Amino acid sequence: MNKREFLKSSGAIMAGSMISRLTKTPQRPAPRENWAGNITYSTDHVHTPASIDEVPSVVRSCSKLRALGSRHSFNRIADSTHNQISLQHLDQIAIDDKARTVTVGAGVKYGQLAPVIDARGFALHNLASLPHISVAGAIATATHGSGIHNGNLATAVHAFEIVNASGEVIHLSRDNDGDQFRGFVVGLGAVGIVTRVTLDLQPTFQVAQTVYQNLSFDELAHNFDAIFGAGYSVSLFTDWQNHQATQVWIKSKLQPGERSESAPGFYGAKRATEKLHPVTGHSAESCTEQMGIPGPWYERLPHFKMNFTPSSGRELQTEYMVPRDRGYEAILAVEKLRDQITPHLFVTELRTIAADDLWMSTAYKRDSLAIHFTWKPEWDDVRRILPQIEAELKPFTPRPHWAKLFTLSPALLEAQYTRLADFKSLLKQYDPDGKFRNDFIEREIFAS
């Protein structure tokens, strides 16, 4: 090829390439979704500060702003039509051995935190079933683990740092701020942007997990507390058929040097002979170790391992907290709807949570039973079922999980939270223009 031909052909290639680039339809970014895929966020304006020092300027620059955690909320509590702020880069972890506390950045997840504190000889009092959730997000929504004597994850908060609507950094602690501190902790993302949280620690411990199959609900009639108190953390799973819990997961705290021992039977249920997933038919590879094998607290208290897809993947979740002393009645009430529920259900989990004094906690001032539904991704059907479940639970004054799906009216919610008026006053004091309020907060908190 001579020089003239080369230039001619090269020019044609370059022109073709340029025309292609000029005429090609721009690629839109993929929709931003929550973990389950049932929520598409309403804005693409997401601020991602690289450090805590950048957060106040972000807050000052926005007229409306919501914090976005690990995206494990199933409703629109974290959504915004204006701006979101992701704190994923705030991943600092600082342990105070003398005070037996740990201070973490708001982007830290429990699965990241737990091995670090365990290596220093410490543990948290409890963990949720998933280690993939952020500390700050779990606290803001009163997320919990299980155990008759265990408070939800927010009860471990000793102090925290928050950026208010004017961009001012505020520090609050259990020791110095009393009742106001208790109003701030489960803040629903509406009191400000949490940047640091300090948690109480305890000495590390070992846990052994044993699973039993097919526990008749009849056993709960007279042995409710004994069954749910049989371990440090206990969960019952059911598909609501055959008047039984299909599985009972007992997580037992071991004393130093103690061997793990379990009986072959448990109130008529039989000890499992293989590792199980809570959802019948699913592979148990993603689940934490069972079969009574001892292990660190953070590798047993969650149901699922950190390096696996949590739970079922594409799913919906609903959860209601009822008084523990009426837990058996509440179970029977829901069971009446079994034939409507089961076709759309992956599994239900029953757990207990100890009472606390945090204003907006679902366990405020009462020991609670949590009735949790992991649904198939069939929202139209689930939306029709939820009012029926809520109607059956109405005599038990249910409190829905703040980050999961529910249809209870704001008036009914207000009746469940005796400090709701105080919480509204707190929000008006620290965020008078509603910078941190979104449609969810306006509807569920301020509409009543």
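Reader: Okay, how many cavities of 30 Å³ or more are there?
Author: The count comes to one cavity of 30 Å³ or more. Keep in mind that this is a predicted model.

Reader: How much space lies in the largest cavity?
Author: About 30 Å³.

Reader: And which residues line the largest cavity?
Author: The lining is made by Tyr110, Leu124, His125, Asn126, Leu153, Ala156 and Leu199. Five of the lining residues are nonpolar and two are polar, with no charged ones.

Reader: How many residues line the second largest pocket, and which lie nearest its centre?
Author: There are 25 residues in its lining, and Asn75, Arg76, Asp79, Phe440 and Arg443 lie nearest the centre.

Reader: How does that lining divide into nonpolar, polar and charged?
Author: The lining of the second largest pocket has seven nonpolar, eight polar and 10 charged residues.

Reader: Which helix gives the largest share of that lining?
Author: Helix H12, residues 439–446, gives the largest share, with five residues.

Reader: Which residues of H11 are buried, then?
Author: H11 covers residues 420–430, and in it Leu420, Phe423, Lys424, Leu426, Leu427 and Tyr430 are buried. They cover an arc of only 155° around the axis, so they sit on the same side of H11.

Reader: New topic: Arg60. Where does Arg60 lie?
Author: Arg60 lies in helix H2, which runs over residues 55–61.

Reader: Is Arg60 buried or exposed?
Author: Arg60 counts as exposed because its relative accessible area is 52%, and the cut-off for exposed is over 50%.

Reader: What is Arg60 in contact with, leaving aside its neighbours within four places in sequence?
Author: With those neighbours left aside, Arg60 is in contact with Ser166, Gly167 and Lys435. Its side chain also reaches the backbone oxygen of Gly167 at 3.4 Å.

Reader: Last one: how many Å apart in space are Arg60 and Asp175?
Author: They are 29 Å apart, C-alpha to C-alpha, and 115 residues apart in sequence.

Key. Residues numbered from 1 in each chain as written. Predicted model: local features only at pLDDT ≥ 70, side-chain atom pairs only at ≥ 80, totals over all residues. Heavy atoms only, no water. Helix = DSSP H or I, 4+ residues; strand = E, 2+ residues; numbered from the N terminus. Buried < 20%, exposed > 50% of the residue type's maximum accessible area, 1.4 Å probe, protein only. Contact = heavy atoms within 4.5 Å. Polar contact = N/O pair within 3.5 Å; in protein donor to acceptor, adjacent residues only side chain to side chain. 1 Å grid on protein atoms, 1.4 Å probe; cavity = no way out; pocket = protein on both sides within 12 Å on 5 of 7 lines; lining within 4 Å. Nonpolar A, V, L, I, M, F, W, Y, C, P; charged D, E, K, R; others polar. Points joined across faces, edges and corners; volume = space filled by probe spheres on them. Arc of directions from axis to C-beta.
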